2 protein chains.
Amino acid sequence: MTDLGAHVVVVGGGFAGIAVGRGLANSSVRVTIIDKHNFHTFLPLLYQVATAGLEPADVAYPIRTIFGGAPNIRFRHGRVRQVDHGANAVVLDDGSRLDYDHLVIATGATAAYFGIPGASQYAMPLYSLADARRLRNRLLLALEDADVRAERESVSLTFVVVGGGPTGVETAGALAELIAIALRRDGLRLDARRVRVVLVDLADRLLTAFPESASRYAARELAELGVEVQFGRSVVAVEEGAIRFADGERLETAAVIWAAGVTASGTLVHGLAVAAGPGGRAGVGADLRCATGENIWAVGDAAAIPSADGSFCPQLAPVAIQSGRYCASQILRVTRGESTTPFVYRNKGIMATIGRRAAVAKLPRGGVIRGTLGWLAWLGLHLFYLVGFRNRLRVLINWTWRYFDWPSGPRLIVADAETAE
Amino acid sequence: MTDLGAHVVVVGGGFAGIAVGRGLANSSVRVTIIDKHNFHTFLPLLYQVATAGLEPADVAYPIRTIFGGAPNIRFRHGRVRQVDHGANAVVLDDGSRLDYDHLVIATGATAAYFGIPGASQYAMPLYSLADARRLRNRLLLALEDADVRAERESVSLTFVVVGGGPTGVETAGALAELIAIALRRDGLRLDARRVRVVLVDLADRLLTAFPESASRYAARELAELGVEVQFGRSVVAVEEGAIRFADGERLETAAVIWAAGVTASGTLVHGLAVAAGPGGRAGVGADLRCATGENIWAVGDAAAIPSADGSFCPQLAPVAIQSGRYCASQILRVTRGESTTPFVYRNKGIMATIGRRAAVAKLPRGGVIRGTLGWLAWLGLHLFYLVGFRNRLRVLINWTWRYFDWPSGPRLIVADAETAE
């Protein structure tokens, strides 16, 4: 390996890690991006894979391909077990070590279960392509099983979505649509009134990051799709086939989808002696460097990034992308002997979609767009951010189909493991 | 359930089973199609999924959707454990029974291992979408692992394809192309000369069902793609990470792909006291009925269908489709009190593709088409037979991309099972 200057190791190939790589592509430093998957996942559309609207390949893109044109960027398939920050090296799962001059922690977030008994075993999160595929198989198999049982008895089927944030709202809406299509077109022998999608939240409204008018709009649209929204409900346990609430109710479920919140992913952040911020995130200064070392940076969902109002930036894709891009520029400054400048998050607004034809967007200045216009804005933005041109085209084709309600859709149950014959 | 006339139970939703269903759609009989998968798989393109050229959804189509418009056809997700032909009923895995007036066995074929030790454990077949996904993950992971090891040592990687029929030839060609793309564009640190694709066969030529000129052409084209073809090689054992030949050679392998032959799938055919034909297939008369009962039919790969020359029809998609369509027409004749007419297979020729731009086709009258024209014929035919319009479009887009060599392609490793973090 020829010496191309400082070696930057980026752990994680999500929005933040990819943005770091893009910012450093064709620069004077060498970069190694490490991820346990060989692809980048477009997380905002994962719920569509889970509800059979999109295929895994629509929302994933090989990391090697993203950086195919940049000779200074390498991809390393693997998992970082430990950071030896005294020796400036990371230790991988297979025991090999990688020295770094700069380390960027971009390990993202994962589902937070808040210690609720059974939640991590029985509830289904939605933070990886494997999660999405597993959830899709569960949903479709539940419908098939119910169809079989409906020959002999009256069957009820309840899907519970925990969490009324964007992920919960989007998943509940898409799930209700999937069920409607399955009942109407696939000829399942189920009574539509006995197949329920229930969205529960502890708060008294949906989408608490949005203005109240957006919350009311989302609730109305979900109700129209057949989703039952229940507020003020506190989950105390998840069991196999059931969920328990603080008021004593036990609800039998075909699946519990966990969209209740996130925490920084994995042990890497905790293993480093970095001051942990809220939600288990790595504490960082205004230039996203950790107190542990001048050459350790944390970006995206893994970092508790200070915001202008004295609080922390939300764990959103735009924050991840901006912080990654910023981090790349600062590493280049440091390698040139310059001092860092503080990170400033530029609020681009937030969006959530409800089913196929409605969405809400909160604009940076507080305005709200909703309805079909909101949906088109949501569509355009997501297509724009999808990594490759090919993926954009595929997703557009899939959505066009769904929009016009054509009788297809990849509702396949591909088993995780399969016994012979 | 209202009585719509005779109840036809079709076991298997492959080419043959779907053809039976299509032939009986909107007729006077009730039909139940049983399959352990909720989708039909377009098997001729499975090797493309295994070599990351296509996605699972490109070659699979929900069975319910295929028959969404036919009120007399039901889909039942499940596995038939046993046929109680005395009682005219099938018993499913979950213990439930289904009465039939006519039973159609369309359970297809699966890999034949010929009792070779280790083959069923360590060699990888290609007869289901799950097989294809597993093989793809194995291939891509082997490349990633080799890339990591290449940091420290000189790495060799050998993929062995067993069997020189169409499946073996197509898989070996596509695999060589996948490796070439990975080395050239993904920047893997492997020495191209040390990554081998070896195709072995016991015979002394490829594609024995084709004329010799086609065999020579296929061998030349494979060699051009970098595939080593070895004839007269007898496999005596498959081990974890190795294959053994009769001449004593032991070859270390990253994967052994099994395309050596097929046998009728599953225990259903054997469980019935039907006269078994060659390759474990159900023996049938000229009207595809089994000796076991006047109302038990076998079609497609599961049946040893007599051919005009006194032998048996090959296990090919056109035979499956024609026999399924024929069976439907005969069941309707029988329900009308008419007698059956014998099945006649209309030979439409056979085809195999070698890589992205070459194919050979043997025409019904013995002529051979090859080269780009052969490839275009192959492409057109396969697109034509792909079930849904949407799938055709998706596949066409994918192929266009591949043909023009654009730097994308869904080379994703989506783990079967994944540990948290």
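**From labels to values**

Modeller: A:Asn26 is found in the loop between α1 and β2 (30-35) of chain A, where helices (H or I, at least four residues) and strands (E, at least two) are DSSP runs, numbered from the N terminus. This is a predicted model, in which local features need pLDDT of at least 70, side-chain atom pairs count only at pLDDT 80 or more, and totals for chains, interfaces and linings use all residues. Residues are numbered from 1 along each chain as its sequence is written, while chains are lettered from A and ligands numbered from 1 in the order in which they are written.

Colleague: Why is A:Asn26 called exposed?

Modeller: A residue is buried if 20 or more other C-beta atoms, placed from the backbone, lie within 10 Å of its own, exposed if 12 or fewer, and partly exposed in between. A:Asn26 has 11 C-beta neighbours inside 10 Å and therefore counts as exposed.

Colleague: What is the phi of A:Asn26?

Modeller: Phi of A:Asn26 is near 60°, a positive value in a residue other than glycine. Most residues other than glycine have a negative phi. In chain B, B:Ala52 also has a positive phi, near 70°, and lies in the loop between α2 (46-50) and β4 (60-62). With 27 C-beta neighbours inside 10 Å, however, B:Ala52 counts as buried.

Colleague: Why do you describe α1(A) as largely enclosed by the rest of the structure?

Modeller: 8 of the 10 residues of α1(A) are buried, so the helix is largely enclosed by the rest of the structure. The buried residues are A:Phe15, A:Ala16, A:Gly17, A:Ile18, A:Ala19, A:Val20, A:Gly21 and A:Leu24.

Colleague: How do α1(A) and α9(A) cross, left-handed or right-handed?

Modeller: The axes of α1 (residues 15-24) and α9 (residues 317-335) of chain A come within 7 Å and cross at roughly 35°; axes are lines fitted to C-alpha atoms, for helices over the stretch in contact, and angles run from 0 to 180 degrees between N-to-C directions. The crossing is right-handed, a word used if the near helix is turned clockwise from the far one by less than a right angle, with left-handed used if anticlockwise. By class, the contact has 12 nonpolar, 5 polar and 1 charged residues, where Ala, Val, Leu, Ile, Met, Phe, Trp, Tyr, Cys and Pro count as nonpolar, Asp, Glu, Lys and Arg as charged, and the others, Gly among them, as polar.

Colleague: What makes A:Val104 buried?

Modeller: A:Val104, in strand β9 (residues 102-105) of chain A, has 31 C-beta neighbours inside 10 Å and so counts as buried. Not counting residues up to four places away in sequence, A:Val104 touches residues including A:Val20, A:Trp297 and A:Cys327, contact being C-beta atoms, placed from the backbone, within 7 Å.

Colleague: How do you know that the radius of gyration of chain A agrees with a compact globule?

Modeller: The radius of gyration is taken over C-alpha atoms, and the globule rule is 2.2 Å times the number of residues to the power 0.38. With 421 residues, a compact globule would have a radius near 22 Å, and chain A has 22 Å, so the two agree. Buried residues make up 50% of the 421 residues in chain A.

Methods: Contact = placed C-beta atoms within 7 Å.
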